[in-house]
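Hi there,

Here is the structure I promised to pass on to you. Have a look at it first, and then read on for what turned up.

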Amino acid sequence: MFLPLGDEPNPRGVPIATYALIGINVAVYLLVTLPMGALRSDLDDPVLAEYVQALMSQLGGRVSLDQLLAQVTAYDLVTFSYGFRPVDPGLLTLVTSMFLHGGFMHLGGNMLYLWIFGNNIEDAMGHGRFFIFYMITGLGATMVHVLSDPNSTIPMIGASGAIAGILGAYFVLYPKAKIKTFVVLIIFIQIIYVPAVFILGFWFFRQIIGIGSDDIAWYAHIGGFLVGMFLVRR
């Protein structure tokens, strides 16, 4: 396991856009995800029937209707309405999906990577260009996900695609930067500094071998990374 904890060198300026993006994602989690995740869905909500129908067809009868209804939260319906569903794409959900997360670990992992790698890319681009770059790579990642599974009814949520774009840009611009990394390899447990080209190359390889293993949007991660690389090479 390789867990990045920080990087060197760091720019001296304040990464306003990076902090703003982290703040927005955390605010959405605290104000929407947490409270609505604790509430059961309203059985009279018209979105519920559509959500249940989509999920039942995706699950192929592996769970009963009663089991599914007992587990549906109000936040599930939020993600269904504002996450991006390839089978029913919408312009609004292209953006809103990037600021919704499935839980604390999902949010925490994304924000850790944004905090570590975002400031350097923001310093290289400037605040405004960095924000636009973030949104473009997120949209690009979503499009790659759509191409990989255009008939999916399951909403894609999370900042992972946009952050993958930042990693791709970092891979190109700062390959020799030192990444402070928590390493666990069987009995070897240590914090060491590893070149960015190795850490990010390993991350990208992990996305490729992960394809098909679970419900993670691996293609979105791969697409975001490649879009980020391409844009900084322009």
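At what angle do helix H9 and helix H10 pack, and how far apart are their axes? Keep in mind that this is a predicted model. H9 (residues 196–210) and H10 (residues 218–233) pack at about 145°, and their axes are 8 Å apart. Their crossing is left-handed.

You can find the contact yourself: on the H9 side, look for residues including Leu-200, Trp-203 and Phe-204, and on the H10 side for Trp-218, His-221 and Phe-225, among others. The residues of this contact divide into eight nonpolar, three polar and one charged.

Now for H9 itself. Its buried residues are Ala-196, Ile-199, Leu-200, Trp-203, Phe-204, Gln-207 and Gly-210. They cover an arc of only 130° around the axis, so they lie on the same side of H9. Just after H9, Gly-212 has a positive phi of about 85°.

Is Ser-97 buried or exposed? Its relative accessibility is 3%, so Ser-97 counts as buried, the cut-off being under 20%. Leaving aside residues up to four places away in sequence, Ser-97 touches Tyr-82, Gly-83, Phe-84, Met-156, Ile-157 and Gly-158. Ser-97 and Met-156 are 59 residues apart along the chain, with 6.7 Å between their C-alpha atoms.

Enjoy exploring!

Technical notes: Residues are numbered from 1 along each chain as its sequence is written. This is a predicted model: local features need pLDDT of at least 70, side-chain atom pairs count only at pLDDT 80 or more; totals for chains, interfaces and linings use all residues. Side-chain values use heavy atoms; hydrogens and water are left out. Axes are lines fitted to C-alpha atoms, for helices over the stretch in contact, and angles run from 0 to 180 degrees between N-to-C directions. Helices (H or I, at least four residues) and strands (E, at least two) are DSSP runs, numbered from the N terminus. A crossing is left-handed if the near helix is turned anticlockwise from the far one by less than a right angle, and right-handed if clockwise. Contact means heavy atoms within 4.5 Å. Ala, Val, Leu, Ile, Met, Phe, Trp, Tyr, Cys and Pro count as nonpolar, Asp, Glu, Lys and Arg as charged, and the others, Gly among them, as polar. Buried means under 20% relative accessible area, exposed over 50%, partly exposed in between (1.4 Å probe, protein chains only). The arc is that of the directions from the helix axis to the C-beta atoms.
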